[in-house]
Every structure is written in C-alpha cells, then in structure tokens.
Amino acid sequence: MHSMKALGITLIVVIGVGVIAGAITWAVIATREPASPPELIDLDWWQHCVLYQIYPRSFKDSDGNGIGDLKGITSQLEHFVEAGVDAMWMSPIFESPMVDFGYDISNFYEIHHEYGTMEDFDNLLRRAHELGIKVLLDFVPNHASNASEYFIKSEAMEPGYEDFFVWADALPDPNNASNRLPPSNWVSQFANSAWEWSDVRQQYYLHQFAIEQPDFNFRNPAVKDEMIKIMKFWLDKGVDGFRVDALPYMMEADPADHGGRYPDDPLSGLAEFEPHQLGYTIPLYTKDLIELYDVVYEWREFIDQYQKDKGGETRVIFSEGYANVSMTMLYYGNEDGDIGAHFPFNFDFIRELSDESTARDFAYTVLRWLTYMPAGAVPNWQTGNHDNNRAPSRFRINMVDGLNSLNLLLPGVAVTYQGEEIGGNPNERPEQNLFRNLIFPNKIRTRNRPETSLPSDKEDERRALSFRVAGLCL
Ligand SMILES: *[C@@H]1O[C@H](CO)[C@@H](O)[C@H](O)[C@H]1NC(C)=O
Ligand SMILES: *[C@@H]1O[C@H](CO)[C@@H](O)[C@H](O)[C@H]1NC(C)=O
Ligand SMILES: *[C@@H]1O[C@H](CO)[C@@H](O)[C@H](O)[C@H]1NC(C)=O
C-alpha cells in the first residue's frame with residue numbers, strides 16, 4: 001500500500017518532468033529560425049535546355065522534290081513542343097555548291113535555293129518563336145566555298161581581299177627544277193595535301209577540308225570583321241545564337257614565327273599511314289592552336305555586348321571541335337578569365353563509348369567531363385550527330401532508351417540529333433557521313449567502325465540519301 005503510493009508519486013513526477021522537458025524542447029525548436037532552404041539558382045534557358053539538331057536536307061520535304069527544306073521544318077515545329085524540345089540548331093542552310101553538303105558556303109547572307117527563300121526562313125523563325133522554340137544557325141568560319149565572292153576576289157588579288165585566304169608560294173623541288181612543291185607537308189582532313197595550286201594567282205591556297213573549301217586567314221583583321229558582320233546579320237534577323245563549326249582548324253602556324261615559311265608538321269611514325277593520309281603527320285601546326293581561342297573569346301564579347309545593347313533573351317555560342325579534353329575545355333574560357341562559348345559540344349558519348357562499354361565506362365566518361373569542366377560551367381551530352389553513325393549502330397538497339405534517359409537525366413543540356421527521339425534506324429548513316437565517304441574515299445575514319453560498303457554512283461546515292469528521315473514527324 002505504502003510502496004504503491006510511492007510508486008504512483010514517482011510516476012507522476014517522471015511524467016510531469018517529461019512533459020515539462022518536452023514542452024521546453026518544443027518551445028525552443030518552435031522559436032528557432034527555420035533552417036534556410038537550399039538556394040535556388042535561376043537558370044537561363046540555355047543552361048538546361050533540350051537542343052535538337054536538324055539536318056535540313058533530310059528532315060522534311062514540303063514540295064516532293066526529294067530534298068528537305070525550310071517549309072518542311074516549319075510544318076513540323078509542333079512536334080518539338082510535344083517532344084519537349086526547347087531549342088533547335090540547323091546544319092548550314094546557306095547558299096552552297098553542296099560539295100560538302102552546305103559546309104562549303106558561297107554566300108553567308110543567303111538561303112540555299114533548294115531549302116527555300118529568305119522569306120521561308122523568316123517564317124520559320126517567327127513560327128518557332130511563337131511556339132517558344134529557340135533557333136540557332138550553323139556558323140562555319142573556318143572556310144568558304146571556292147565559289148564565294150571572297151575567294152574569287154582573293155584569287156584575282158582584288159584590293160582588300162588579297163589576304164582573305166591563306167596563300168603561299170610554291171617551294172622549289174630540289175630534284176626537278178621544272179616541278180613545284182606545296183609550301184608544307186600538311187594533310188587535309190579529307191586526305192592528300194592541304195595545299196592546292198591556283199593557276200590564276202600562281203600560288204597555293206590552304207584548305208584543311210575539301211579543295212573547294214579554302215581556309216579563311218584569321219590573321220587578317222578584315223576576315224575577323226567580316227565574321228562579326230555575318231553573325232550580326234543573322235542576330236538582327238532574330239536568331240538565338242550559333243553552333244560554330246570546325247574550330248580546332250581555324251588557325252595555323254604563322255610563317256613569321258618559322259623563318260618565313262610554313263613549318264612541316266612532325267611525322268607520326270605510324271606505319272599504317274601513307275603520306276597522303278591524315279595520321280601520317282601530327283597536326284602540331286594545323287590544329288588546336290592557342291591563338292584561335294582568342295578569336296572565340298572575342299566572339300563571346302561581341303555576342304554579350306549585342307545582348308546588352310538589344311536586350312531580350314540570351315544569345316548563345318555553342319562550339320564544335322573534336323579535340324582532347326583540355327583543349328576542349330579551353331572553349332569555355334581560360335584561367336585568365338577570358339570567356340568563350342556558352343559550352344563546347346561534348347562528343348565523349350560518341351567517341352569514348354560503344355556497345356562494349358560497361359557501366360563503369362559510362363560513369364568514368366561522365367565524371368571526366370565534369371572533372372575537367374571549369375567551375376560553374378554548363379555541361380552537355382549527346383549520343384549522335386550528322387558526322388557519325390547513328391547511336392543504335394554504335395551501341396545496341398536495346399540501349400537506346402537508356403541512352404536517351406541518361407542524356408535527359410544528366411545535369412545541363414541534352415543535345416539530340418533528328419530521329420533519336422524515336423530511336424533511329426541502326427542501318428541508316430547520317431547522309432553527311434555517307435556522302436563524305438563517297439567523295440573523299442581516302443579519308444581515314446577513326447571515329448567509327450567500318451560499316452556496309454557503299455554504291456559507287458554518287459548521283460544515285462545522293463538522291464537516295466536525300467530525305468531519308470522523311471516522315472519522321474508524321
Ligand atoms: C573550285 O575548285 C574545284 C576543284 O579544284 C574546281 O573544279 C572549280 O572550278 C572551282 N570553282 C571555282 C568557282 O573556282
Ligand atoms: C619534273 O617535273 C615536271 C613538272 O611536274 C614533270 O612534268 C617532269 O616529268 C619531272 N621530271 C622528272 C625527271 O621527274
Ligand atoms: C591535349 O593536347 C595538348 C596539346 O595538343 C597537350 O598539351 C595536353 O596535355 C593534352 N591534354 C590531355 C588531357 O591529353
């Protein structure tokens with residue numbers, strides 16, 4: 001009885017103390033400042049968009065002539081809204097003899113006639129903007145077509161155009177006085193000498209790509225001014241930015257630094273290459289030159305200034321260049337605080353991974369980009385483009401959904417090539433890739449495994465290639 005009473009009192013005291021302690025704890029917690037939520041950063045459109053590459057020649061034909069066109073693209077823009085695409089970039093739509101499917105531009109200010117008119121372009125741009133889709137153009141600064149006014153005037157030594165391209169005298173042949181030799185041993189990306197003799201000017205000109213694609217001389221300020229003029233022309237029309245082509249090849253060694261002549265690239269010593277093949281030399285003087293980045297940083301300054309002057313949504317530069325990871329990262333900017341492209345395209349899923357890759361390889365490839373990328377920069381991912389075999393043929397068909405999901409889940413921008421949203425046909429090679437192999441059979445391709453042999457009749461094949469992805473959006 002006595003002990004029961006004691007137990008009861010003890011119990012009441014314990015409960016009482018518990019309630020008081022609980023109340024105090026609750027009061028303390030309740031009156032404390034709530035922990036501040038993680039800071040949400042307002043992302044600009046280009047920092048988290050889905051970017052869709054269109055190859056105009058094969059995307060959608062509006063008039064049934066077998067060649068895709070701008071009206072065709074305009075007619076399918078709703079597809080992008082449904083597919084969650086925020087921005088599109090189009091491979092070149094400018095006037096061109098089509099030696100390299102539009103990457104040989106003869107007039108940077110005109111629309112190629114097979115693709116439509118300037119009015120068709122204006123309509124495309126207006127409709128895309130109505131639907132909230134950004135439009136980027138392919139800017140090809142490394143070279144022009146040899147049918148361009150620039151080249152014709154330069155070859156004729158018209159005042160102001162003499163140094164628009166990289167011209168050099170022939171070297172004497174020590175073994176044959178009536179023969180001439182090119183200024184250096186440089187090899188074109190499409191095989192054979194990167195120098196072509198001009199009978200008109202009695203000099204060689206440089207072409208890092210096809211003979212019909214003479215390289216602009218970026219050591220000439222007039223060339224740099226013209227490039228800014230071209231960008232401004234399209235920005236004034238309302239485009240949201242540019243994908244910039246082939247940047248690693250924009251500049252070459254300056255003869256002034258090499259005793260007045262173009263220096264030979266060192267030999268690779270690899271026995272499988274002949275002198276006319278890429279890979280016979282190491283492109284020390286022809287690729288990834290540090291000076292070219294300054295040009296890119298100037299473009300960024302220009303486009304940012306344009307933004308300040310005109311307002312509106314951010315205009316962007318996305319750079320293209322197959323280079324090693326450190327040279328690629330320099331396109332973002334350098335340690336001196338120069339800023340370049342909003343991002344350089346990331347080709348690691350195309351170059352580093354295949355159907356044989358393991359999960360570790362994927363993780364390693366993703367982390368490598370994020371590790372090398374400057375702090376605060378925006379990453380991007382893509383599994384295909386017009387220059388490479390389609391993703392399902394490089395990977396496996398049953399990996400396609402996983403690849404698309406991974407692309408969308410990773411931080412930053414998801415880049416996708418037309419047709420990848422529906423998987424893409426593994427037997428279809430993007431026509432740029434196919435066509436280049438037809439006209440430049442000596443080109444050594446290291447990026448892709450060899451695939452089916454190709455028919456030799458170029459015209460038939462070219463026609464058959466046109467508009468392969470026809471009906472994609474239907
Ligand atoms: C361009 O170069 C090709 C190949 O050398 C030549 O056949 C063609 O006539 C040139 N075109 C012009 C306009 O110079
Ligand atoms: C010297 O070069 C000329 C011009 O290329 C050529 O026609 C001739 O056959 C060459 N002579 C010899 C001995 O190789
Ligand atoms: C990339 O190439 C440059 C020179 O071309 C070289 O200095 C650099 O070490 C290379 N970086 C990597 C990560 O291989």
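Begin by selecting Trp381, which stands opposite Ala414 in β15. Strand β14 (residues 380–381) and β15 run parallel and are joined by two bridges. Strands here are DSSP runs of E with at least two residues, helices are DSSP runs of H or I with at least four residues, and both are numbered from the N terminus. Two strands count as paired if DSSP finds at least two bridges between them.

Before continuing, please note that this is a predicted model, in which local features need pLDDT of at least 70 and side-chain atom pairs count only at pLDDT 80 or more, while totals for chains, interfaces and linings use all residues. Residues are numbered from 1 along each chain as its sequence is written, and chains are lettered from A and ligands numbered from 1 in the order in which they are written.

**Strand β15 and its sheet**

Select residues 413–417 next. Five of the five residues of β15 are buried, so this strand is largely enclosed by the rest of the structure. A residue is buried if 20 or more other C-beta atoms lie within 10 Å of its own, exposed if 12 or fewer do, and partly exposed in between, with C-beta atoms placed from the backbone. Val413, Val415 and Tyr417 point one way from β15, whereas Ala414 and Thr416 point the other way.

Val50 stands opposite Ala414 in β15.

Phe242 stands opposite Ile317 in β12.

Keep Ile317 selected and display its surroundings. Leaving aside residues up to four places away in sequence, Ile317 touches Gly241, Phe242, Val244, Trp299, Arg300, Ile303, Ala341 and His342. Two residues are in contact if their C-beta atoms, placed from the backbone, lie within 7 Å.

Which residues touch the most other members of the largest nonpolar core? Of its 87 residues, they are Met88, Leu136, Val296 and Ile317. Helix α8 (residues 290–310) gives the most to this core, with six residues. Domain 1 (45–142 + 221–250 + 289–465) and domain 2 (143–215 + 253–287) both give residues to this core, so it lies between them. A nonpolar core is a set of buried Ala, Val, Leu, Ile, Met, Phe, Trp, Tyr and Cys residues joined through C-beta atoms within 7 Å. The domain bounds come from an automatic or database domain assignment.

Select Pro92, in the loop between β2 (87–90) and β3.

Move to Phe101, in the loop between β3 (94–95) and β4 (107–111). Phe101 has a positive phi of about 45 degrees although it is not a glycine. Most residues other than glycine have a negative phi. Phe101 is buried, with 24 other C-beta atoms within 10 Å.

Then select Met157, in the loop between α6 (149–155) and β6 (167–168). Met157 also has a positive phi, of about 60 degrees, and is not a glycine. Met157 is partly exposed, with 13 other C-beta atoms within 10 Å.

**The three-stranded sheet**

Proceed to the open sheet of three strands, ordered β6-β10-β9 with antiparallel pairing. Two bridges link β6 and β10 (residues 203–206), and Ala168 stands opposite Tyr204 in β10.

**Ligands**

Finally, select ligand 1, which is surrounded by Asn146, Ala147, Ile211 and Glu212. Ligand 3 is surrounded by Asp288, Asn324, Val325, Ser326 and Met327. A residue is counted around a ligand if its C-beta atom, placed from the backbone, lies within 6 Å of it.
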